[in-house]
Amino acid sequence: MTSILYIGGTGTISAACVRRSVALGHDVAVLNRGSGRRPLPAEAELIEADIRDPAAVRDALGDRRFDVVAEFLAFTPDHIATDLDLFEGRTGQYVFISSASAYEKPPRRVPVTESTPLRNPFWQYSRDKIACEDVLVAAHRERGLPVTIIRPSHTYDERLLPTIGGWTDIARMRAGRPVIVHGDGTSLWTITHSDDFAVAFTGLLANPQAIGEAFTITGTHAPTWNQIYGWLADAAGVAAPDIVHVASDTIATFAPEVAPGLIGDKAHSMVFDVSKVTALVPEFRTTITFDEGARRIIGYYDANPDAQRADQDLDALFDRIAAHARSAG
């Protein structure tokens with residue numbers, strides 16, 4: 001039995017990994033502030049502490065050791081420095097969740113592999129993840145830190161809509177109002193269900209061949225954005241959604257807050273070679289494509305009306321963008 005400490009454990013990706021680790025019979029503990037977004041399995045131990053408060057974490061953990069520490073809440077080099085102070089020497093594997101958005105944008109070639117350069121001049125989030133990786137790789141080279149780096153791309157579950165507007169887009173579709181899709185909607189976007197991701201992730205835990213390595217974990221399902229929006233419309237009962245295609249640069253001009261994640265990631269066709277991870281975890285594959293994922297998402301939101309939160313500011317912004325695009329022909 002492998003002892004695993006998840007830092008976070010209730011997010012889109014980490015909750016699925018916790019569930020699978022428990023299902024595999026591992027000894028699972030989850031460290032967070034106790035206000036998780038998704039429920040933990042009864043078999044998982046909750047350790048309440050804020051990872052940003054090292055003294056509280058030390059008090060909560062005492063002298064415990066873990067075979068694996070899986071870090072889902074580190075976003076800057078300072079976070080990594082704190083983790084190394086807390087966990088180096090008390091775990092056989094430190095697993096850092098980086099991001100596939102760190103790969104160069106725009107990509108010079110696809111599929112993207114683990115050897116694709118890490119460079120994203122558009123998104124600070126990605127640059128911070130790269131800086132975190134740099135710290136960890138140096139620690140591995142200099143003193144043998146048993147690190148494994150994971151780079152997920154767009155991973156979702158039934159609570160996470162993948163579109164720019166989230167539920168606002170679905171509300172607009174159902175009201176017969178225009179919905180903005182970036183570019184011409186034909187770029188390819190790899191989108192992975194968290195339950196599939198968890199198969200690959202848990203297969204790398206306590207795996208000696210994963211130490212000192214980086215892995216892209218995505219499925220092989222890469223629909224177009226037109227398909228993604230179309231499947232959501234079908235699931236929402238909208239036969240003919242009013243789709244307005246708008247250049248990504250134009251959307252970024254109207255909405256600078258979405259520019260980093262759009263220009264620095266979603267605007268590009270992103271297809272990945274995952275042969276490195278499947279070589280170690282051969283059971284990993286795509287089992288949930290987004291036509292099914294869209295049905296699960298809409299089903300969840302329709303069953304939970306309180307989650308149906310349309311953003312009034314975004315709603316007004318989309319009206320302005322659509323009006324601009326149509327006036328420009």
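A residue is taken as buried when its relative accessible area is under 20%, as exposed when that area is over 50%, and as partly exposed in between. In the predicted model described here, L204 has a relative accessibility of 1% and therefore counts as buried. This residue is found in helix α6, where it touches Q93, I150, A210, F215, I217, V277, L280 and V281, residues up to four places away in sequence not being counted. The C-alpha atoms of L204 and A42 are separated by 24 Å, and the two residues are 162 residues apart along the chain.

Nine of the eleven residues of α6 are buried, so the helix is largely enclosed by the rest of the structure. The buried residues are S194, D196, F197, A198, V199, A200, F201, T202 and L204. Just after α6, A206 takes a positive phi of about 60 degrees, a value that stands out in a residue other than glycine because most such residues have a negative phi. A206 lies in the loop between α6 (194–204) and β10 and, with a relative accessible area of 41%, is partly exposed, whereas L204 in the helix is buried.

The strands of the model include seven that form an open sheet, in which the order is β3-β2-β1-β4-β5-β6-β10 and the pairing is parallel. The edges of this sheet are held by β3 (45–48) and β10 (213–217), each of which has a single partner strand, so that one side of each is left without a neighbour in the sheet. On average, and with direction ignored, neighbouring strands of the sheet are turned by 20 degrees against each other.

Strand β6 is itself largely enclosed by the rest of the structure, because six of its six residues are buried. In a regular strand the side chains alternate between the two faces of the sheet. In β6, V147, I149 and R151 point one way while T148, I150 and P152 point the other way, and all are buried.

Helix α2 (residues 54–61) lies across β1, β2 and β3 and runs at about 140 degrees to β3. Helix α4 (residues 124–143) also packs on the sheet, where it touches β5 (94–97) and β6 (147–152), its direction making about 160 degrees with that of β5.

The loop between β5 and α4 contains both P106 and P111. The peptide bond from K105 to P106 is cis, with omega near -10 degrees, and a further cis peptide bond, with omega of about 5 degrees, joins V110 and P111.

The largest pocket has a volume of about 1,100 Å³. It is lined by 46 residues, of which T12, I13, R37, F75 and Y125 lie nearest its centre. The elements that give two or more residues to this lining are α1 (12–23), β2, α4, β7 (154–156) and α9 (259–266), and the largest share, four residues, comes from α9. By class, the lining comprises 20 nonpolar, 18 polar and eight charged residues.

One further residue, T10, has contacts that include R37, a residue placed among those nearest the centre of the largest pocket. T10 is in the loop between β1 and α1 and, at 9% relative accessibility, counts as buried. Apart from residues up to four places away in sequence, T10 touches A15, N32, G36, R37, R38 and L40.

Terms used. Residues are numbered from 1 along each chain as its sequence is written. This is a predicted model: local features need pLDDT of at least 70, side-chain atom pairs count only at pLDDT 80 or more; totals for chains, interfaces and linings use all residues. Side-chain values use heavy atoms; hydrogens and water are left out. Two strands pair if DSSP finds at least two bridges between them. Axes are lines fitted to C-alpha atoms, for helices over the stretch in contact, and angles run from 0 to 180 degrees between N-to-C directions. Contact means heavy atoms within 4.5 Å. On a 1 Å grid over the protein atoms alone, a cavity is a set of points where a 1.4 Å probe fits but cannot get out, and a pocket is an open set with protein on both sides within 12 Å along at least five of seven lines; lining residues have an atom within 4 Å of a point. Grid points are joined across faces, edges and corners, and a volume is the space filled by probe spheres set on the points. Ala, Val, Leu, Ile, Met, Phe, Trp, Tyr, Cys and Pro count as nonpolar, Asp, Glu, Lys and Arg as charged, and the others, Gly among them, as polar. Buried means under 20% relative accessible area, exposed over 50%, partly exposed in between (1.4 Å probe, protein chains only).
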